[in-house]
Amino acid sequence: MSACIFAISEQLEGTFRKVSFEAVSEGRRLSDGLGLPLVAAVIGSGMEAAAETLGRYGADRILLADRAELADYSTEAYVRILAECIRQEQPSLVLLGATAQGKDLAARLSARIDAPLAMDATGIRQDGEQWVATRPMYGGKIIAEVVLEGNPPIAALRPNAMRIEQKKGEGRMEKIDVDPGTIQVKTVDKTLETGKIELTEADIVVSGGRGMGGADYTVVETLAEALGAAVGASRSAVDEGWRPHADQVGQTGKVVSPNLYVACGISGAIQHLAGMSTSKVIVAVNKDPEAPIFAKADYGVVGDLFEIVPLITEEVKKLRG
Amino acid sequence: MLPGPGARKEKNVDIVVLLKQVPATESLIQVADDGVSIKTEELKWVINPYDEFAVEEALRIREAQGGSVTVLSVGTNKAVEAIRTALAMGADTGVLVNDPAALGKGALATARVLAAAVKQIPFDLVIAGQRAVDADQFQVGPAVAEYLQIPNVSMVIKTELLDGSIRCHRTIEGGTVVVESPLPMLFTTQRGLNEPRYASLPGIMKAKKKPLETKTLADFGLDAGAMEGPTARIRLLSPPAERGGGRIIEGESAAEKAAALVKALHEEAKVI
């Protein structure tokens, strides 16, 4: 018996990742459609105040597992706790964000509870009695519609794909006391880049490719700063050692779906497009008028990026006052 | 990869690498007439790039510590090429599970088969690619760990082998987390973990003589029924929504173009 839609949040250092609100909002929309309550799960330490906020995005009940040992993500502990919650709640559907952590959690959880999983879902809906998810395959070259056969299905949602909506739910907090068990994998250290906008969560991304000609990404970074954007790179730039792997956008890098993607000195190889083609608006700046990217860009500027991009930055600053 | 502090050289580490043969990423992928599969005639098949990192890391650990590297794959006979390439890189043994009943049943079924096969090989460590670049599910690695009842760490960019344990640097959005796990365990790879070596000509010659066993489900006491279970069943494949080109911003000067662009983004596209 399906008693609810179940949305799993994600926190890092006590703050929810943006995708948590996306999962809860999407859960709310689905639960409204089905007349089911929305249950949100929060695991961490010192998360009570933050957990309450999920009520604003539609959570009717908020299950909170709050203990010092749970501050840092642990596959074992989180899977154990969530498997037990799911066993008790009997949800119709489980939602979470397909972040690095979410992918790990969803995969192990699916095996633990024997559940079908749609990873990196850009859409999830009911079709008759079945849950159907839309998800990319082959690095985005193919879009698949998959029927999730089994109970409960898990949809790990692509970050930035679901609209966040404030919609009040009952917001009843319930502290759950599930034993995390023995934790074999221990966190030893963390290195987090504070103040840097995360590529997969950003509303605007400015990327530089082979046309940057070297590791000096100042013009791209300055435009990104003016726009409040994250900075990305093509595979060429990463292979050259100009930018770190974590900045790579593409089939074998990160897939991003921002409102605006500005591609500077990027020719537009299929593999790069696979990483950003679902961006709402694409701008290309390239000195080669034949560059394939212009065929996919909403706006193209032909010219020297080292001349054009700083001028764009100036215009943006003027606009923003 | 160097042995970490406290590592005893010649503490053998037996490693199983999970490998999948996939279409090369530069392939043109087209939906077949049945609407639920892709056309395979013109495809070039390669070792899944993330599994190459896995083979390479296994070889580096063996070079530092001693031990063995077994490459394991579920596939058709064609996958033999991929296993031979891994053997040519330096892996010691190959195992191919070639059984039609094992194919196309989804990630959990594949993981069940792989786990059953791994159990027949003495191992300290299982290394898998974070995902296969065809299915993009990220699911098989952690699922195999679950069925083997061993810890798993995903998306590892650096490893340090210690005495009876391993430190893994895993990537998350905005940073890296270092974790330590006892052995045996399974980790999946992340781009940047290493630079996979090319198979040398001597390596290719040696590979021809290395053991490569072919197995079926029956070898693990499994039948077709064991492959049934929850799955994300493809009911339709489509090309992505065609994204046509927009317009080239014209202007007498670079400054004019920049101004016209920002105006369009603000007033027309409304994204800034």
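**Exercise 1.** In this predicted model, find how many residues of domain 1 of chain A are in contact with domain 2 of chain A, and describe that side by class.

*Solution.* 
Step 1. Locate the domains: the assignment places domain 1 of chain A at 5-175 and domain 2 at 199-320.
Step 2. Count the contacts, taking two residues as touching if their C-beta atoms lie within 7 Å. Eight residues of domain 1 of chain A meet nine residues of domain 2 of chain A.
Step 3. Sort the domain 1 side that touches domain 2 in chain A: two residues are nonpolar, three are polar and three are charged.

**Exercise 2.** State how many residues of chain A and chain B are in contact, and which helix of chain A gives the most to its side.

*Solution.* 
Step 1. Contacts between the chains involve 78 residues of chain A and 71 residues of chain B.
Step 2. On the chain A side, helix α4 (residues 100-113) gives the most, with nine residues.
Step 3. By class, the side of chain A that touches chain B holds 37 nonpolar, 19 polar and 22 charged residues.

**Exercise 3.** Determine in which sense strand β18 of chain A pairs with strand β13 of chain B.

*Solution.* 
Step 1. Take β18 (residues 299-302) of chain A and β13 (residues 247-248) of chain B; two bridges join these strands in the parallel sense.
Step 2. Pick out one facing pair: A:Gly300 is opposite B:Ile248 in β13(B).

**Exercise 4.** Describe chain B by its elements, span and burial.

*Solution.* 
Step 1. Chain B has six helices and 13 strands.
Step 2. The C-alpha trace of chain B spans about 70 × 50 × 40 Å along its principal axes.
Step 3. Of the 272 residues in chain B, 49% are buried.

Technical notes
Residues are numbered from 1 along each chain as its sequence is written. Chains are lettered from A and ligands numbered from 1 in the order in which they are written. This is a predicted model: local features need pLDDT of at least 70, side-chain atom pairs count only at pLDDT 80 or more; totals for chains, interfaces and linings use all residues. Domain bounds come from an automatic or database domain assignment. Ala, Val, Leu, Ile, Met, Phe, Trp, Tyr, Cys and Pro count as nonpolar, Asp, Glu, Lys and Arg as charged, and the others, Gly among them, as polar. Helices (H or I, at least four residues) and strands (E, at least two) are DSSP runs, numbered from the N terminus. Two strands pair if DSSP finds at least two bridges between them. A residue is buried if 20 or more other C-beta atoms lie within 10 Å of its own, exposed if 12 or fewer, and partly exposed in between; C-beta atoms are placed from the backbone.
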